[in-house]
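Please look over the sequence and structure below. The paragraphs that follow go through strand pairing and salt bridges.

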Amino acid sequence: MSLLFQLPDPVLAKTSTGDDFPVRRIFCVGRNYAAHAREMGRDPDREPPFFFTAWAETVVPSGTTIAYPSKTENFHYEAELVIAVGKGGRNIPVEQAQNHVWGYATGLDMTRRDLQLEARAQGRPWDTGKNVEQSSPLGLIHKAGEGDFDPNKGAIKLTVNGEVKQDADLAELIWPVDDIIAYLSTLWEIHPGDLIYTGTPAGVGAVVPGDDIRVTIDGLSDLEIRVGDRVG
């Protein structure tokens, strides 16, 4: 039986060694830095983490010019540490979480903030604000245990046109990497190829076409994108 249409090829992220990392799913942690929780009008107490998801095809590599999306006048950057899952599992103990990590990368969660806040106020899902084409830029994935990267501490910084907008430390994560993996695996069975965006520090803000964004995390490759023309 012939197919009616051809599905697109799998999304392949790049590693620091030049190998391909097939992306399966994207999970994102909401409000995982206390200062960012406050700037979004929420209590930063250590309540259980919550997650939203995005399509694999929202991933684009460093160096991409991403389109300014339709239906928004408030397109925001959010710098994030990204976990690349290399081993699947369910109900993973915290002390075994690192066994399931393939590596780490710099990432961005680009957000139609006006649509997200409108949905939040109405008690609706965040998909129109968060699950947006080209909204998950990803730097090179570095294999865990190689180099000087420490997932529990180190500077995370974002600049727009060279001006520092976000400046924090991974030690400020409310739910650190191992806890995120353990908790996420109680909700879903995680699989190789899953990416986990771990949350953003305070200092989120809007960009406009022509802006250059750079994300740096100690021990990982930088992520650089440009905001292109509006679509729609």
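**Strands and salt bridges**

Asp222 is partly exposed, with a relative accessible area of 32% (buried means under 20%, exposed over 50% and partly exposed in between, with a 1.4 Å probe and protein chains only). This is a predicted model, in which local features need pLDDT of at least 70 and side-chain atom pairs count only at pLDDT 80 or more, while totals for chains, interfaces and linings use all residues. Residues are numbered from 1 along each chain as its sequence is written, and side-chain values use heavy atoms, with hydrogens and water left out.

Asp222 forms a salt bridge with Arg214, their closest N and O atoms being 2.9 Å apart (a salt bridge is a side-chain nitrogen of Lys or Arg within 4 Å of a carboxyl oxygen of Asp or Glu). Arg214 also forms a salt bridge with Glu224, at 3.3 Å between the closest N and O atoms. This pair links strand S18, which holds Glu224, to strand S17, which holds Arg214, ten residues apart (strands are DSSP runs of E, at least two residues, numbered from the N terminus).

By this rule the count comes to eleven salt bridges. One of them joins Arg226 to Asp212, with 2.7 Å between the closest N and O atoms. Arg226 lies in strand S18 (residues 223-230) and Asp212 in strand S17 (residues 212-217), so the pair ties together parts 14 residues apart in sequence. Elsewhere, Glu78, Asp109, Arg113 and Lys130 are linked in a salt-bridge network.

Three strands form an open antiparallel sheet in the order S10-S7-S16 (two strands pair if DSSP finds at least two bridges between them). Strands S10 (111-112) and S16 (205-206) stand at the edges with a single partner strand each, so one side of each has no neighbour in the sheet. His76 has Ala206 in S16 as its bridge partner.

Technical notes: Helix = DSSP H or I, 4+ residues; strand = E, 2+ residues; numbered from the N terminus.
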